[in-house]
Amino acid sequence: MPQEAPPLVEARSLGRNFPARQGLLGRRRDVWAVRDVSLALARGETVGVVGESGCGKSTLGRMMLGLDQPTTGHVVFDGRDLADLAGGERRRLARRMQMVFQDPFGSLDPRRSVGAQIADGLRIHGIVPAGKVRSEIARLLDQVGLPATVASRRPHEFSGGQRQRIAVARAISTRPDFIVADEPVSALDVSIQAQVVNLLIDLRSELDLAMLFISHDLHVVHHLCTRIVVMYLGRIVEEGSAAQVFDSPAHPYTRALLAATPSLHPRKTEVGGGVLPGELPSPANPPSGCPFRTRCPVAEKACAAAMPEYRQMGTGWRAACIKAGTGNTERRDMA
Ligand SMILES: Nc1ncnc2c1ncn2[C@@H]1O[C@H](COP(=O)(O)OP(=O)(O)OP(=O)(O)O)[C@@H](O)[C@H]1O
């Protein structure tokens, strides 16, 4: 990770729990959706967050934007703790952070024109004078590859890919420097996904955006992200550059994810047609010690005793596994 510049946005020991009931009549237990997550993004950096459904990716993204309050820990944006900000200061910061959602159908208002929806952010944050709003909308649409005529039409008149471009135009309208993109292409046809990913790549460099890109699709993350965070049951189990994590994964869970993603890694064979072996434990009742140990092909007794500390595998590369870097972590045949 490029550590020279101070981070633009930082998660410091973030945790979030939700009350949950196990079964219909089960007793109430707290579910820790995110636990003790620390992560920093520099300006212009794209960090991919991967992991199975329910591992806490969206909750982390929402907290990093201040859309959800952490139970523990802090989010620091450009040196300011979000928890300390209120009123105008909070609004000024909110302009600089935006979210792109998975579902452009749900995130755009079907009753209002595209132009009106893009204009909201421009007006609320006073990005351009009132007389310039129309031309700014046209410029933003052009930036995402759409003609200016789109402004007068409603979202339902467009395809999924076009709608996601509109959502991106709306997100960048406030000139943010941090975007959380939560599965932004997974609802789109595969043929369209690449176009939207390429658009994000272009915008990232044009606007020097820091981006937290949440996805369960390792192919997309591989294409787009310079750094990868792998989450399991609310925790970061491995973090490193795309090359480190994809070429020599240090955590058995990362290896299992890659093995379940055929064609990404030449040495890997398909395991279970994209499905990881074993069952994901309930987040309400996680295993003792290492959360992955119940599915881990190299787990041993010590793994049940305590949550593994991070081992530094290289610059900016860490893995929470007692065997990481010991040469004793090669994946057994999990088929
Ligand atoms: N508002 C909420 N109330 C109760 N539990 C929640 C809430 N939001 C998330 N959770 C729980 O927290 C855990 C993590 O959820 P989260 O949506 O962050 O995971 P995710 O990795 O983004 O999953 P997906 O890929 O399916 O979106 C899950 O067990 C989920 O059920």
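Modeller: Four strands form an open sheet in the order 2-1-4-5, with antiparallel pairing. Here helices (H or I, at least four residues) and strands (E, at least two) are DSSP runs, numbered from the N terminus, and two strands pair if DSSP finds at least two bridges between them. In general, the strands of a sheet pair through backbone hydrogen bonds, either parallel or antiparallel. At the edges of the sheet stand strand 2 and strand 5 (80–81), each of which pairs on one side only.

The model is predicted: local features need pLDDT of at least 70, side-chain atom pairs count only at pLDDT 80 or more, and totals for chains, interfaces and linings use all residues. Residue numbers start from 1 along each chain as its sequence is written.

The pairs may now be taken in turn. Strand 1 and strand 2 are joined in the antiparallel sense by 10 bridges, and within this pairing Pro19 stands opposite Asp30 in strand 2. Strand 1 also runs antiparallel to strand 4, with 5 bridges between them; there, Val9 has Phe77 in strand 4 as its bridge partner. Strand 4 (residues 72–77) in turn pairs with strand 5, again in the antiparallel sense, over 2 bridges. Val76 has Asp81 in strand 5 as its bridge partner.

Helix 1 lies across strand 1, strand 2 and strand 4, and runs at about 125 degrees to strand 1. For such values, axes are lines fitted to C-alpha atoms, for helices over the stretch in contact, and angles run from 0 to 180 degrees between N-to-C directions. Two residues are in contact if their C-beta atoms, placed from the backbone, lie within 7 Å.

The sheet and the helix both take part in the surroundings of the ligand. Strand 1 (9–21), strand 2 (28–41) and helix 1 (57–64) each supply at least two residues of the shell. The shell's largest share, 3 residues, comes from helix 1. Altogether 14 residues surround the ligand, and the closest are Phe18, Ala33, Ser53, Ser58 and Thr59; a residue counts as near a molecule or strand if its C-beta atom, placed from the backbone, lies within 6 Å of it. By class, the shell has 6 nonpolar, 7 polar and 1 charged residues. In this scheme Ala, Val, Leu, Ile, Met, Phe, Trp, Tyr, Cys and Pro count as nonpolar, Asp, Glu, Lys and Arg as charged, and the others, Gly among them, as polar.

Strand 6 pairs with strand 7 (residues 178–182) in the parallel sense over 4 bridges, and Met97 has Phe178 in strand 7 as its bridge partner.
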